[in-house]
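Morning, everyone. Let's take a quick look at some side-chain contacts.

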Amino acid sequence: QVQLVESGGGLVQAGGSLRLSCAASGIIFSTNSMAWYRQAPGKQRESVAAITTGGRTNYRDSVKGRFTISRDNAKKTVVLQMISLKPEDTGVYYCNVPGVQGPKYANWGQGTQVTVSS
């Protein structure tokens, strides 16, 4: 039973910061890459950042330099530290295991809402 629980979202002004956390269970966390996704109202879910088992990271261009993904294998958590937030960062943020063609698990968590006001 895979469980993905996101937390840390909230309402912030443009230029502010948030730290999102994802707690994973039901998987061998240390042997899986992890990723963050987001979905704005009426838009497709998009990949935001990913981190491999070895700690290599990838970011979509629009967040590069502002977001940092990290992992703690002992706690089975993946963190997304976001600074210099922009209104276009608004959306529901989810975590999942990235697969070759997309997210591995259909059982998404509830996500955590990030709202950035201008």
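I'll begin with the disulfide. C95 has 0% relative accessibility, so it counts as buried. Its partner is C22, and the two sulfur atoms sit 1.8 Å apart. Keep in mind that this is a predicted model. The link between C22 and C95 is right-handed, with 60° about the S-S bond. What does the pair tie together? C22 is in strand 3, residues 18-25, and C95 is in strand 9, residues 91-96, so the bond joins parts 73 residues apart in sequence. C22 is buried too, at 1% relative accessible area. A search of the whole structure gives 1 disulfide.

Now the aromatics. The count is 2 aromatic pairs. Take Y37 with W108: edge-to-face, 5.4 Å centre to centre, 90° between the planes. Y37 lies in strand 4, residues 34-39, while W108 is in the loop between strand 9 and strand 10, 71 residues away. Y37 is buried, with a relative accessible area of 8%. W108 is partly exposed, at 21%.

Next, Y94 with W108. This pair is also edge-to-face, at 5.6 Å between centres and 75° between planes. Y94 is buried, at 12%. Put together, Y37, Y94 and W108 make one aromatic cluster.

Which rings does its charged end sit over? Over the ring of Y94, 4.8 Å from the centre. And over the ring of W108, 3.8 Å from the centre.

Terms used:
Residues are numbered from 1 along each chain as its sequence is written. This is a predicted model: local features need pLDDT of at least 70, side-chain atom pairs count only at pLDDT 80 or more; totals for chains, interfaces and linings use all residues. Side-chain values use heavy atoms; hydrogens and water are left out. A disulfide is a pair of cysteine sulfur atoms within 2.5 Å. Helices (H or I, at least four residues) and strands (E, at least two) are DSSP runs, numbered from the N terminus. Buried means under 20% relative accessible area, exposed over 50%, partly exposed in between (1.4 Å probe, protein chains only). Rings of Phe, Tyr and Trp (its six-membered ring) pair if their centres lie within 6.5 Å; planes under 30 degrees apart count as stacked, over 60 as edge-to-face and the rest as tilted. A charge sits over a ring if NZ of Lys or CZ of Arg is within 6 Å of the ring centre and within 35 degrees of the ring normal.
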